[in-house]
Amino acid sequence: MAEAKPRQRKFAPRSRTGCLTCRTRRKRCDNRQPQCANCSRLNLTCDWQAPRRIVTESSPQTSSSSPELQIALPLRSSLDPWDALPGDEGSERLHLLQYYEVAFVPSVSVASIPTSFYTSLYMPWSFQIEGMLDAILAISSAQLARRTVDEDRAKHLQAVSSRHEKKCYAFIKERVTHCGEIPRDVYQVTAVILILVGLEALNGVKTNTWIHQLKSVQRILSLLSPEQSIMDCIEVDSLHRHFTYHFASASLMARVSNTSSASSTEHGLLPLTATLMPGTIDPLMGISYQLCDLISRIQYVTASNPAFPLATEASFNIIENSIQTWTYDNPFALGVDTPIALDLIALAEAYRLGALIQLYRTSPMHSTLIPNCASRAMEFIARIPPGSPAESSLLYPIFLAGAELDDEAAIEKCFKRLEEIENRNSYGNIGSVQKVLKEVWRPKLEGGERRDWEEVVREWKWSFTLG
């Protein structure tokens, strides 16, 4: 049998001589000035690097007859055209909206999807509802603040983000009642809260705020009638997906959240069952939506009930079998390029093994299965090349698998991969994962036994989403 040929990855051609906007987006530029075709089509600001000029300058310490050639560089601290915000508020909003569509959404999406709710729903809503606009501006400026190299610019962008975040909370407060009624602008309110959960992850917040936000989303979505869900199936399905992605992280942190809210988290957050839109690649989960729904249910079998030991065992077995036998949609049949399809498959298998690690940690009888799951998960993670869109959702499996590693070489590879992801995505929760794993691995690297990550998180009183 012929040996399998290693798959060849195709990369989009990158412009090295075009405008700064195309170079940042890694797109081929036609070099047309003052407005190239790409920027004209997308209504973007077409920035060009100032031309270098050769100037002569006589050195005071040398003879004027022997001038030195010097290169006069443009007065610019960064080549990123997104760094600087326009002076007036209207232009600033347009700038951040363009950044959201062109840079932010691709940075958090596992594949380029025309029907992504980030652009197909959230963007149109931002032109209709002020609170939705504030949510997009808040998370866009927050990511820009973390990516810019200029300290003053970063402070300004963070202030912009904080200003719009406060407006989001005011928007929610005006519409959410405590009477169990569906809030006004229900879909937009739900989307704003979910974006705020993402903002918590971006800023590296380590409190339970994001879990309380998810409780609000769960309560709102549970109020929707079946008729409303059918009538607005696209909107409801998108919101369920966005919720499920973050809820998988909440189920992981339910065991280790601060004791003051742990019990309410476990009993207050329940999985939401929704009709799945067929043949859909999710922007955050790829082909793993159903699996993330299974992950969200693991928290309910984490502790045996002495009164019903067989019921607990049965729940464990049902979830284990569901995870092991879960099948995903064929990404090749959903119209994505072969390299991206292969990456989505590797991501799905890494999630499957991460889910099994999370489940087996609840049962001492199954703890011996964890090391093999961890090593296999790292193998699938390694199949996803650095810089692949699928890398944006790797934090869940890489954290669960990395925390179980004992081999120093594997630990080094894991930490290097996390550093690469952080440098590309600039999400604060990646730094939280790195700090926890460092403490987990520290005793092992000093010749002892590694610590358990749950023990570390409890000791530090942290709670962070892996979204």
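This is a predicted model: local features need pLDDT of at least 70, side-chain atom pairs count only at pLDDT 80 or more; totals for chains, interfaces and linings use all residues.
Select Phe117 to start: at 2% relative accessibility it counts as buried (under 20% relative accessible area; exposed is over 50%, partly exposed in between; 1.4 Å probe, protein chains only). Residues are numbered from 1 along each chain as its sequence is written, and side-chain values use heavy atoms, without hydrogens or water.

Now show the rings. Phe, Tyr and Trp rings (six-membered for Trp) pair if their centres lie within 6.5 Å; planes under 30 degrees apart count as stacked, over 60 as edge-to-face, the rest as tilted. The structure holds 15 such pairs. The Phe117 and Tyr118 centres are 5.1 Å apart with planes at 35°, so this pair is tilted.

Jump to Phe415 and Trp441. Their pair is edge-to-face, with 6.2 Å between centres and 75° between planes. Phe415 sits in helix α18 (408-425) and Trp441 in helix α19 (428-445), 26 residues apart. Both residues are buried.

Next, pick Lys206 and Trp462. Lys206 lies over the Trp462 face, 5.0 Å from the ring centre. The criterion is NZ of Lys or CZ of Arg within 6 Å of the ring centre and within 35 degrees of the ring normal.

Finish with Ile172, Val176, His178, Ser216 and Arg219. Among the 16 residues lining the second largest pocket, these lie nearest its centre.

Technical notes
On a 1 Å grid over the protein atoms alone, a cavity is a set of points where a 1.4 Å probe fits but cannot get out, and a pocket is an open set with protein on both sides within 12 Å along at least five of seven lines; lining residues have an atom within 4 Å of a point. Helices (H or I, at least four residues) and strands (E, at least two) are DSSP runs, numbered from the N terminus.
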